[in-house]
Amino acid sequence: MSTPTDTDHRSPGAGQGSPSAGQPDRRNIPDREFEAAWADWHAAHERHRADPHGFLAVTHLHWLDATPGRLDGAPGTWSVEDDAVRLVLEARERVLRDGQELNPGGTGASVLLGPVPEREGLTLRVEDAGAGHTVIELAKRGGRYVVRPRHPLNPLLTGYRGTPVYAPNAEYSIKGIFVPFDEPRPTTVGAAVEGIHHVYEAPGEIRFRLHGEDLSLTTFNGHAPGTLSVLFTDATSGKTTYAANRTLTVPAPGADGTVLLDFNRAVNLPCAYTDLATCPLPPAENRLPVAIEAGEQIPYERQDAS
C-alpha cells in the first residue's frame with residue numbers, strides 16, 4: 001500500500017543507525033559530515049519538488065461526476081461512467097497516453113480511462129506549442145475521480161524560491177523501536193480537502209523518547225519495500241511549521257526492531273503549498289505534545305498569504 005502522501009510527493013528516505021535509546025544518533029560521524037549528508041539530501045528533495053510537472057505545476061483541481069463537462073486546463077469532455085472515466089475529444093484535440101494518440105485520426109474520439117484504484121492514477125500528455133507541455137493527472141481520491149492538469153509555467157512553480165528549514169541538528173536524529181500490531185489496522189484519516197477521507201493500513205507503531213517524554217507514532221507503509229511513513233504534528237505546528245501535517249520517511253526496521261527517526265528530514269506535503277491538493281491528515285494519536293524544531297518550516301507561499 002502506498003505511503004500516505006498526495007499524488008507524487010515522494011521524499012528520499014533517511015539513513016539508518018542504531019544509537020542507544022532516546023539519545024542523539026550522530027551515526028558515529030562528525031557534525032560536519034552529518035550536516036553535509038543532510039545538505040545533499042535536502043538539495044535532492046528540493047530538486048524533486050521543483051520538477052516541471054510536480055505538484056507545484058498543478059493549475060486546477062477538478063472533481064468528476066456523471067455529468068459530462070469541459071475542464072479548465074484540459075482538452076475534451078470528461079465524465080464518470082461505471083467506475084471509469086469517459087473522455088470525449090473533439091476534432092484536432094490531441095491527447096497522448098504512453099506515447100499513443102487517443103485521437104489518432106484527429107477527427108474526434110471517445111475513450112474510456114480506468115478503472116483507477118484508490119490513491120493511484122494515470123497521466124496523459126497534451127502538447128503546447130512553444131510552452132512545454134501539459135501533463136494531466138487522472139486519479140482517485142476518497143472514492144472520487146479527480147483531474148489535475150500540470151504545466152511547467154504555473155506561477156507557483158516558476159516563482160518557487162525554496163522552503164525554509166531548521167538548521168540540521170543531530171539532537172533530532174534519534175533511535176526508536178518499531179512495534180508491529182498483531183494485524184495491520186485499517187486507519188481512517190481526514191484530508192486537506194473537506195468531505196473526503198483516506199484509509200491506510202497501519203502495520204505498527206514507533207516508540208521513542210524525546211525531550212524527556214515517552215512518545216509513539218502510528219506508522220503507514222512507505223514507498224520503498226520495508227520502509228515506513230509517519231504523518232504528524234507537534235508543538236511547532238501552526239507556529240513555525242505547517243499547521244496541518246508533516247511527513248517523515250523511516251528506513252526499514254532492523255532485525256531487533258530499531259529504526260532511525262531523523263526529524264531533520266521531516267517534510268511538507270503538497271497541501272502546505274497549494275489548495276489543489278488532497279493530502280491526508282495525521283491520525284489523532286500522532287499529534288505530538290513536544291516541539292520538534294527540525295525539518296521543513298511553513299513555506300514562504302503560506303507566509304506571504306497570511
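Start by selecting Ser237, in the loop between β14 and β15, where strands (E, at least two residues) and helices (H or I, at least four) are DSSP runs numbered from the N terminus. A polar atom of the Ser237 side chain lies 2.9 Å from the backbone nitrogen of Asp234. That is a polar contact, meaning a pair of N or O atoms within 3.5 Å; within protein, one must be able to donate a hydrogen and the other to accept it, and residues adjacent in sequence count only if both atoms are side-chain atoms. Not counting residues up to four places away in sequence, Ser237 touches Tyr242 and Ala243, contact being heavy atoms within 4.5 Å.

A word on what you are viewing: this is a predicted model, in which local features need pLDDT of at least 70 and side-chain atom pairs count only at pLDDT 80 or more, while totals for chains, interfaces and linings use all residues. Residues are numbered from 1 along each chain as its sequence is written, and side-chain values use heavy atoms, with hydrogens and water left out.

**Next stop: Thr227**

Move to Thr227, in the loop between β13 (213-221) and β14 (228-232). Its side chain reaches the backbone oxygen of Ala224 at 2.6 Å. Is Thr227 buried or exposed? Its relative accessibility is 15%, so Thr227 counts as buried; buried means under 20% relative accessible area, exposed over 50%, and partly exposed in between (1.4 Å probe, protein chains only). Show its surroundings too: leaving aside neighbours within four places in sequence, Thr227 is in contact with Phe220, Asn221, Gly222, Val250, Pro251 and Ala252.

Centre on Ile292 and, beyond four places in sequence, you will find it in contact with Tyr166, Tyr172, Leu210, Phe232, Asp234, Thr236, Arg246 and Phe263.

Select Ala192, found in the loop between β11 and β12. At 41% relative accessibility, Ala192 counts as partly exposed. Its C-alpha atom is separated by 7.8 Å from that of Ala244, 52 residues apart along the chain. With neighbours within four places in sequence set aside, Ala192 is in contact with Cys271, Ala277, Thr278, Cys279 and Leu281.

The structure holds 0 disulfides. Both residues are away from the surface by the accessibility cut-off: Cys271 is buried, with a relative accessible area of 3%, and Cys279 is buried at 0%.

**The four-stranded sheet**

Switch to cartoon view for an open sheet of 4 strands, in the order β2-β3-β4-β7 with antiparallel pairing. Two strands pair if DSSP finds at least two bridges between them. The edge strands are β2 (69-71) and β7, each pairing on one side only.

- β3 (residues 74-81) and β4 (residues 84-89) are joined by 5 bridges; Ser79 stands opposite Arg86, and Thr77 opposite Val88.
- β3 and β4 form a hairpin with 2 residues between them, and Asp82 in the turn has a positive phi of about 55°.
- β4 and β7 (residues 109-113) are also joined by 5 bridges, with Val85 opposite Leu113.

Most residues other than glycine have a negative phi, and most peptide bonds are trans.

- Arg92, in the loop between β4 and β5 (96-97), has a phi near 70° and counts as exposed at 73%.
- Asp98, in the loop between β5 and β6 (100-101), has a positive phi of about 55° and is exposed at 70%.

Technical notes
Disulfide = S-S within 2.5 Å.
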